[in-house]
Amino acid sequence: MSPDSPQEIVAARKADRIAWVDYAEGKRNAYTAAGPNFTPVRLTNFMKDDGIMMSQIKISDDGSTVVFLRGEAPNRSGWTPNPTADPNGPEHAIWAARTTGGAGLRAWRVVDAANPEIAPDGSSILFIKDGQIYRAKLSPTKPATEIDRGEKAFITEWGVQSDPKWSPDGKKIAWVSTRVDHSFIMVYDVATRSVKYMSPSVDFDTSPMWTADSKHLIFMRQPGLPFGLQTLQTGAGSGANYAAPPQSPTAATGGRGGGRGAAAAATGNAETPINNAPGIMRATFKGGYTIGFYKADVITGDAQEIWHNQSNDKIAAAIA
């Protein structure tokens, strides 16, 4: 019977339009539909059963542009699936398509990347490469500069950058900058090409989320890496190994000395006992809690705590 199988449906925030990945008879294509009738329109022309995956579909806030990933990430051995045994190598790239434009509309290949963050007006995407933020302009014709083609970093900062987010008005970009034992929320101003830190501290700030007016950011704060774990991870006095913050439930719930920093469960034996004193292998914020949500003013960079979990709340700590 060969029924179609729609996957990964998304909706525009400011337009009555949706987009999705469709799987039918081994072929994967991107579709869009607009209200009120929502008549499906195919955006791509991949008409072979070639086994190449399509995922990570996104649609701009205004509904004008759709982007998606064609291909798959490498496995643990660094091999990328190549179903057709193409001697040129497997497909792995972000593609884009305009949602309007007539019967001749076709998608185009943008850049070899993954996890695109599309601008609200569909003009460009952000992505992470080598720990820095890249931007690629979305145009069927090849952009003139390396930065606009996504070949040269758009924003380069100390540490490892991740999770870029456009503001709803498209004028700013927020992201996480990780510095081994702590991380910051940073904001880039497109017009002035300047960067501001949001209430910087010695803790792990993550998960930036814009308010609808583009004037504030909500983010999560967890304690930074405790002193004992810093030594284990990087070596005494080391400033290297700029890895992402701990993600396991145990590692994300402790902290640094003086009641700050990130907790981690550590075990020892009779010969090498682990010092679990506060601030060495685990710690909490003042008051005993381990997770806080903050609201930051993007103009001043000041932030106020709006919620935190209860002391010794293992459920909230595990979710984080």
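Modeller: One term to start with: a residue is called buried if its relative accessible area is under 20%. Asp205 has 0% relative accessibility, so Asp205 counts as buried. Keep in mind that this is a predicted model.

Colleague: Where is Asp205 placed?

Modeller: Asp205 sits in strand β16, residues 204-210.

Colleague: Which side chain does Asp205 join in a polar contact?

Modeller: That is Arg221. The polar contact between the two side chains is 2.7 Å. Asp205 also stands opposite Arg221, which belongs to β17.

Colleague: What else does Asp205 touch?

Modeller: Leaving out residues up to four places away in sequence, its contacts include Val176, Ser183, Phe184 and Ile185. Met198, Ser199, Phe219 and Met220 are also among them.

Colleague: How do β16 and β17 pair?

Modeller: They are antiparallel, with 5 bridges. The two form a hairpin with 5 residues between the strands. In that hairpin, Ser214 has a positive phi near 65°.

Colleague: How many residues of β17 are buried?

Modeller: 6 of 7, so strand β17 (residues 216-222) is mostly covered.

Colleague: Which strand do 6 bridges join to β17?

Modeller: Strand β18, residues 292-297. β17 and β18 run antiparallel. Met220 stands opposite Phe293 of β18.

Colleague: Let's zoom out. How many helices and strands are there in the protein?

Modeller: 2 helices and 19 strands. The protein has 320 residues, and 47% of them count as buried. Take the contacts with a separation of 6 or more: residues 24 or more positions apart account for 44% of those.

Colleague: On to charges. How many salt bridges does the structure hold?

Modeller: 10 salt bridges. One of them joins the side chains of Arg70 and Glu91, at 3.8 Å from N to O. Arg70 is in strand β6 and Glu91 in the loop between β6 and β7, so this pair ties together parts 21 residues apart in sequence.

Colleague: Are Arg70 and Glu91 buried or exposed?

Modeller: Arg70 is buried, and Glu91 is buried too. They also belong to a network of salt bridges that links Asp50, Arg70, Glu91 and Arg109.

Colleague: What does Asp148 meet in a salt bridge?

Modeller: Arg135, at 2.2 Å from N to O. Asp148 is in the loop between β11 (132-137) and β12 (160-166), while Arg135 is in strand β11, so the pair ties together parts 13 residues apart in sequence. Arg135 is buried, because its relative accessible area is 13%.

Colleague: And which residue does Arg149 meet?

Modeller: Glu151, in a salt bridge of 3.0 Å, N to O. Arg149 is buried, with a relative accessible area of 18%. Glu151 has 44% relative accessibility, so Glu151 counts as partly exposed.

Colleague: Now Arg179. What is the nearest side chain of opposite charge?

Modeller: Glu157, 4.9 Å away. A salt bridge needs the nitrogen and the carboxyl oxygen within 4 Å. Arg179 is buried yet has no salt bridge. Its side chain does make a polar contact of 2.9 Å with the side chain of Ser177.

Colleague: Where does Arg179 lie?

Modeller: In the loop between β13 (172-178) and β14 (183-189).

Colleague: Last topic, a helix. Which helix is Gln230 in?

Modeller: Helix α1, residues 227-234. Gln230 is buried, because its relative accessible area is 17%.

Colleague: How far apart are the C-alpha atoms of Gln230 and Asp181?

Modeller: They are separated by 6.7 Å, though the two residues are 49 residues apart along the chain.

Key:
Residues numbered from 1 in each chain as written. Predicted model: local features only at pLDDT ≥ 70, side-chain atom pairs only at ≥ 80, totals over all residues. Heavy atoms only, no water. Helix = DSSP H or I, 4+ residues; strand = E, 2+ residues; numbered from the N terminus. Buried < 20%, exposed > 50% of the residue type's maximum accessible area, 1.4 Å probe, protein only. Polar contact = N/O pair within 3.5 Å; in protein donor to acceptor, adjacent residues only side chain to side chain. Contact = heavy atoms within 4.5 Å. Lys, Arg positive; Asp, Glu negative; His and termini not counted. Pairing = 2+ DSSP bridges.
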